[in-house]
Amino acid sequence: ANFDGSVYDLFGEQNIQGKLAIKGSSWGELGDLRRITLPRTKPFKISGGIERNHDVWLIDVASARIGQSDLSGKFEYDTRPDRSLLKGQLTGKRFVLADLAPAFGSTESDSTNKDRIFPDQPLDFATYNRMNAEITINIDYVDLGKTFRESLAPLKASLNLNKNKLSLAKIDARTAQGSISGEIFIDAHKQKEVSNPQQEKNIERIKADWGINVAVKNINLEKWLTISEARKKDAKQNNKSETSLAYITGLLNGKAKLKGKGNSTAQLLSSLNGDLSLYIRNGEMSHFIVEAV
């Protein structure tokens, strides 16, 4: 970290004002240093202005580079409440979801391990009790990965952390001529368990309850899903120019209201339960899918 500025009232308020530049291997390590809740990420660089006055930090992030992501924002961190409160707005030109892979328990070895589809590393829920947060999100472009041809552009949402419950609410995302809306939450609460019935001593373990309540409307599947090179090659060889190259086409609509439990991404997905309703209007399905079924 490099700081260029001033520290005044050294033996009193210890106020600070200046410019700050930080780089490191993960946002999570920065969070550990300042005892705040930040996700595990790929290597990052942050630059901007910082000011501290009467136990309130004002942070103007001019640039936050995480992997391939380019973010910015303005925040206020108030240490006066019993549990510190972070408020502000996260903005950015580009966010790549894979840059948050460590936050979901993914490691470098997962990309080469063909036996493991989803990360099973325990997630870092213990940091959720460090603070509360109220942050609005407005990002121009969100890259979802190789499976999807089109990004979310833009993505708007409200991120809240209160009493160990993290929620991404008021989701409003546009993609492939359609939209995604809803809420996702993680409630990381403590649960007392007795390790031995003959002992009175209880052990506190963090349990995570997950919830997903989202709706999709009129997403053009042909524009949204990636077409594999093998599919393109097959269509070209068989001269199927009159047939769509996509495996499935049409407008996707539906709702998902699901709940799960677990301390890893794999545990969450294996425990999902609830209601899922999807339908496609004006759709066509490739014969490859029919043969696979």
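Guide: Buried means under 20% relative accessible area, and exposed means over 50%. This model is predicted. Take R52: at 14% relative accessibility, R52 counts as buried.

Visitor: What does R52 form a salt bridge with?

Guide: Side chains of opposite charge can pair when their charged atoms come close. Here the partner of R52 is D55, and the closest N and O atoms are 3.0 Å apart. D55 is partly exposed, with a relative accessible area of 32%.

Visitor: How many salt bridges does the structure hold?

Guide: Nine. One of them pairs the side chains of R40 and D124, at 2.6 Å from N to O. This pair links distant parts of the chain, 84 residues apart. R40 sits in the loop between α1 and β3, D124 in the loop between β6 and β7. R40 is partly exposed at 24%. D124 is partly exposed too, at 29%.

Visitor: Where do the partners K261 and D209 lie?

Guide: In strands: K261 in β13 (residues 248-261), D209 in β12 (residues 202-220). The two are 52 residues apart. Their side chains meet at 2.8 Å, N to O. K261 counts as exposed, at 55% relative accessibility.

Visitor: Which residues do salt bridges with shared partners join into one network?

Guide: D32, R40, D124 and R130.

Visitor: Now helices. Which residues of α1 are buried?

Guide: First the general idea. An α-helix has 3.6 residues a turn, so residues three or four places apart point the same way. In α1 (residues 27-34), the buried ones are W27, G28, L30 and G31. Seen down the axis, they fall within an arc of 160°, so they line one face of the helix.

Visitor: What do the buried residues of α1 pack against?

Guide: Three strands: β2 (15-24), β3 (44-53) and β4 (56-66).

Visitor: And the ends of the helix. Which residue caps the N-terminal end of α1?

Guide: S26 does. A side-chain oxygen of S26 lies 3.0 Å from the backbone nitrogen of G28. Just after α1, R35 takes a positive phi of about 55°.

Visitor: Last, the surface. Which residues form a nonpolar patch?

Guide: F3, V7, L10 and F11, with about 470 Å² of accessible area together. L10 lies in the loop between β1 and β2. At 48% relative accessibility, L10 counts as partly exposed.

Terms used. Residues numbered from 1 in each chain as written. Predicted model: local features only at pLDDT ≥ 70, side-chain atom pairs only at ≥ 80, totals over all residues. Heavy atoms only, no water. Buried < 20%, exposed > 50% of the residue type's maximum accessible area, 1.4 Å probe, protein only. Helix = DSSP H or I, 4+ residues; strand = E, 2+ residues; numbered from the N terminus. Arc of directions from axis to C-beta. Contact = heavy atoms within 4.5 Å. Polar contact = N/O pair within 3.5 Å; in protein donor to acceptor, adjacent residues only side chain to side chain. Patch = residues over 30% accessible without salt bridge, like charges linked within 9 Å, V, L, I, M, F, W, Y side chains within 5 Å. Areas by Shrake-Rupley, 256 points an atom, 1.4 Å probe, with all protein chains shown as cover. Salt bridge = Lys/Arg side-chain N within 4 Å of Asp/Glu carboxyl O.
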